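Let's take a friendly walk through this protein together. Have the coordinates open in your viewer as you read.

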Amino acid sequence: MRFQVLTLFPEMMQMIFSSSVTGKAMEKGIVSLDTINIRDFADNRYKHIDDYIYGGGSGMLMQARPVFESFCCALEKCGITYDEYIAGAEITVAKTAETKKRPCVLYTTPQGRTFDQKMAEELKDEEDIIILCGHYEGIDERAIELIKPTEVSIGDFVLTGGELPAAVIMDSVTRLLPGALGKDDSALYESFYDNLLEYPQYTRPEEYMGLKVPPVLLSGHHKNIEKWRLEEAEKRTRDKRPDLYEKYLESRKNTKKNEKK
């Protein structure tokens, strides 16, 4: 999978992504990251890519032209033109007659769909993901209309720019890719898998400051351990995330209905 990030701070994105799990995934060739500096497409010697807002208002707005041209640069790295991108989900490249999947384009904004584990699961099957990071008071609406991205939010709060949400999205998606984690199935049993939070976990020593590891985890009885983990995950989800617990109950009902068919 290839990530391309359109940003004013390419060094920041490279530094974040080159660490921990995502950094190891890059070393293994599972993912790659290209950062495109939107300032490189400024049409002035000072590399300014923002201007005052028509109609008044506080702050500055990122201009349409440098944003759109940086996006076209990302498309070029995917081997397609803007016209081919607009054409549809399956792209036939004019130069080679090769058929390519349309790159997934995201725009990090508080106005977008809230990013969650379900969306991460959807994105893990993409080949190319382009992420546009806003800054200042946002981006000239004309650039958004031309690029037609999927707008994504990581929560109902305001950040200085879209780089941190982009990093969150890339980290969450990368860990779902085969080989990205040390054990391929470890991502399957973390929080939000099957709409449940993760069960409590323990490591050595068996007792610390009077607190002991639950005996069932030391029993070696795998069936009992799995039963305990499920019960604890259900209890934790019910107590901490009742909204998620409702989804879990609903999914169980649907599963049982399908089994009866």
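What follows goes from strands and helices to cores, aromatic pairs and domains.

This is a predicted model, in which local features need pLDDT of at least 70 and side-chain atom pairs count only at pLDDT 80 or more, while totals for chains, interfaces and linings use all residues. Residues are numbered from 1 along each chain as its sequence is written, and side-chain values use heavy atoms, with hydrogens and water left out.

Helices (H or I, at least four residues) and strands (E, at least two) are DSSP runs, numbered from the N terminus. Because 5 of the 6 residues of β1 are buried, this strand is largely enclosed by the rest of the structure. Here buried means under 20% relative accessible area and exposed over 50%, with partly exposed in between (1.4 Å probe, protein chains only).

T7 is buried, with a relative accessible area of 0%. Not counting residues up to four places away in sequence, T7 touches M13, I36, N37, I38, C133 and E163, where contact means heavy atoms within 4.5 Å.

Helix α1 covers residues 10-17, and P10, M13 and F17 are buried in it. Seen down the helix axis, the buried residues of α1 fall within an arc of 65°, so they line one face. The arc is that of the directions from the helix axis to the C-beta atoms. On the other side of α1, E11 and M15 are exposed.

Where do the buried residues of α2 lie around its axis? They are T22, G23 and A25, and they cover an arc of only 160°, which puts them on the same side of α2. S20, K24 and E27 are exposed on the other side of α2. What covers the buried residues of α2 includes α1 and α7. Just after α2, G29 takes a positive phi of about 80°.

**Nonpolar cores**

In soluble globular proteins, nonpolar side chains tend to be buried together. A nonpolar core is a set of buried Ala, Val, Leu, Ile, Met, Phe, Trp, Tyr and Cys residues joined through side-chain atoms within 4.5 Å. The largest such core has 28 residues, of which L6, V67, F71, I130, L132 and I139 touch the most other members. The elements giving two or more residues to this core are α3 (64-77), α4 (82-87), β7 (104-114), β8 and α6 (141-147). Its largest share, 6 residues, comes from α3. Apart from this core lies another, of 27 residues, among them V5, M13, I30 and V31.

Leaving aside its neighbours within four places in sequence, L6 is in contact with I36, I38, S70, F71, A74, I130, I131, L132 and C133.

**Aromatic pairs**

A search of the whole structure finds 5 aromatic pairs. Rings of Phe, Tyr and Trp (its six-membered ring) pair if their centres lie within 6.5 Å; planes under 30 degrees apart count as stacked, over 60 as edge-to-face and the rest as tilted. The table gives two of them.

| Pair | Centre to centre | Angle between planes | Type |
|---|---|---|---|
| F68 and Y82 | 5.0 Å | 85° | edge-to-face |
| Y245 and Y248 | 5.9 Å | 35° | tilted |

F68 lies in helix α3 and Y82 in helix α4, so their pair ties together parts that are 14 residues apart in sequence. Both F68 and Y82 are buried. Ring pairs link F68, F71, Y82 and Y85 into a cluster.

Y245 and Y248 are 3 residues apart in helix α9 (residues 242-260), and are therefore separated by about one helical turn. Y245 is buried, and so is Y248.

**Domains**

How far apart are the centres of domain 1 and domain 2? The domain assignment gives domain 1 (2-176) and domain 2 (188-259), with bounds that come from an automatic or database assignment. Taken over C-alpha atoms, 36 Å separate the two centres.
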